[in-house]
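Student: Please show me the sequence and the model, and then let us go through them one question at a time.

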Amino acid sequence: MDNQITSRQLMLLVVLFTIGSSVLFVPAGATAAAKQDAWISILAGIGLSLLLVCLYNGVAGLYPGLTLVEISEKLLGKWLGAIVSLFLIVSTFAVGGVSLIDFAGTFVTRQIMPATPVIAANILFVVVAIWGQYLGLGTVARAAEVLFPLITALFIVMILAVSPNMKLEHLQPAFTVGVKPLIKSCISYLGFSTFPAVFFLMIYPPCVKEPNQASKAMLVGNIVGGLFLLTITTVCVAVLGAEGTSRQAYPSYTLAKKINIANFITRIEVLMATLWFLSLYFKLMIYFFAGMKGLAQLLKLQDKRALLLPLGLLSVVFARMFYPSAAYRQLWDEKIWPLYVGTSGLIIPLLLLAMGIIRKKGTMRRKNNS
């Protein structure tokens with residue numbers, strides 16, 4: 001199993017992870033709070049994302065050869081470190097990964113194949129995810145290299161095709177919603193696109209062939225992914241309007257339905273669905289890889305592939321248990337998820353960085369005294 005990747009592959013994985021489910025969630029979430037100023041909140045979110053990535057790079061730099069789970073145990077001790085590690089593992093697999101599986105199944109049965117049972121779509125998605133995990137992170141990263149140009153091309157084609165429907169007045173007046181809605185919208189953006197990126201600390205630097213370039217790859221990938229989301233949100237508002245975007249469950253998918261070229265090329269929203277499924281798959285791969293690697297390290301297992309089948313089966317069951325209805329799913333995404341993932345993406349990294357700095361200062365003092 002090949003788990004080594006290059007810094008360029010890391011950057012592409014970060015881009016796809018940032019886009020992931022966010023390409024469907026972010027436009028509605030940002031517009032619901034910030035209205036026509038959603039693009040402003042996402043610009044602010046991209047800026048804050050860079051600070052968060054610098055925080056993650058700082059944590060990774062404390063012990064470059066260790067993963068997030070190993071860093072937690074080293075800095076917080078055996079028991080507290082194990083508790084924090086378990087929380088992170090649950091966040092990657094039972095919350096993050098299972099959430100994407102449920103979302104994929106729900107989207108397919110609502111928008112594409114309404115006669116298909118949700119669990120059938122979930123099982124199909126999990127089978128492909130398990131196979132990718134079995135082949136290893138290196139294989140998944142090479143697939144990202146091959147598919148990223150296709151994803152970019154589909155995105156550009158969709159934006160160009162829908163551009164005749166854009167109306168500048170939908171983006172006006174600007175800077176009118178106030179600070180509080182912008183902050184709320186910004187938090188929604190960070191919750192879906194940036195806080196979860198902390199789980200890349202299970203991958204780099206240990207799995208990156210050029211560890212010195214990994215931090216730069218994280219920054220560039222986050223910026224590029226943010227620009228994708230900024231573009232799709234701005235276009236959604238310009239075409240559908242602020243109210244129309246916020247009312248849609250999948251505004252970017254609805255946006256693709258507006259494509260009409262000479263009354264001949266229409267209803268090609270499958271472009272959007274293809275783009276989304278590809279990016280969602282790579283996001284799920286990162287969640288699963290981080291969760292299984294962390295659990296294997298916590299349980300002192302030599303080969304994490306022993307966890308593939310049981311965790312895959314559990315993810316199908318959990319997807320139906322944790323998200324029983326669309327109303328619950330909406331409540332979770334809007335109210336609970338940003339705060340929950342903020343614990344993993346902000347509080348824990350700050351705690352680890354502070355502990356690492358304190359320990360290094362203590363070590364330096366002891367050396368100077370001796």
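Tutor: We begin with a term: a salt bridge is a side-chain nitrogen of Lys or Arg within 4 Å of a carboxyl oxygen of Asp or Glu. The model is predicted, so local features need pLDDT of at least 70 and side-chain atom pairs pLDDT 80 or more, while totals for chains, interfaces and linings use all residues. Residues are numbered from 1 along each chain as its sequence is written, and side-chain values use heavy atoms, with hydrogens and water left out.

Student: How many salt bridges does this rule count?

Tutor: The rule is applied to the side chains of the model. Arg8 and Glu145 make one of the pairs, at 2.6 Å from N to O. By this rule the total number of salt bridges is four.

Student: How far apart in sequence are the parts that Arg8 and Glu145 tie together?

Tutor: The side chains of Arg8 and Glu145 meet in a salt bridge. Helices are DSSP runs (H or I, at least four residues; strands are E, at least two), numbered from the N terminus. Arg8 lies in helix H1 (residues 7-19) and Glu145 in helix H7 (residues 137-162), so the separation of the parts tied together is 137 residues.

Student: Are Arg8 and Glu145 buried, partly exposed or exposed?

Tutor: Buried means under 20% relative accessible area, exposed over 50%, and partly exposed in between (1.4 Å probe, protein chains only). Arg8 has a relative accessibility of 47% and so falls in the middle class. Because its relative accessibility is 25%, Glu145 also counts as partly exposed.

Student: Which residue forms a salt bridge with Glu243?

Tutor: In this pair the closest N and O atoms are 3.5 Å apart. The pair links distant parts of the chain, Glu243 being in helix H9 and its partner in the loop between H2 and H3, 208 residues apart. The partner of Glu243 is Lys35.

Student: What is omega for the peptide bond from Gln172 to Pro173?

Tutor: Pro173 is found in the loop between H7 and H8. The bond from Gln172 to Pro173 is cis, and its omega is near -10°.

Student: Is Phe175 buried or exposed?

Tutor: Phe175 lies in the loop between H7 and H8. Phi of Phe175 is near 55°, a positive value in a residue other than glycine. The relative accessibility of Phe175 is 64%, so Phe175 counts as exposed.

Student: What is the relative accessible area of Lys300?

Tutor: The place of Lys300 is the loop between H11 and H12. Lys300 has a positive phi, near 60°, and is a residue other than glycine. Lys300 is exposed, because its relative accessible area is 60%.

Student: What separates the C-alpha atoms of Leu51 and Leu13?

Tutor: Leu51 is found in helix H3 (residues 38-62). At a relative accessible area of 58%, Leu51 is exposed. Leu51 and Leu13 are 38 residues apart along the chain, and the distance between their C-alpha atoms is 19 Å.

Student: Which helix gives the most to the lining of the largest pocket?

Tutor: On a 1 Å grid over the protein atoms alone, a pocket is an open set of points with protein on both sides within 12 Å along at least five of seven lines, and lining residues have an atom within 4 Å of a point. The largest pocket holds about 880 Å³ of space (grid points are joined across faces, edges and corners, and the volume is the space filled by probe spheres set on the points). It is lined by 34 residues, and those closest to its centre are Phe25, Arg329, Gln330, Asp333 and Glu334. With nine residues, the helix that gives the most to this lining is H13.

Notes:
1 Å grid on protein atoms, 1.4 Å probe; cavity = no way out; pocket = protein on both sides within 12 Å on 5 of 7 lines; lining within 4 Å.
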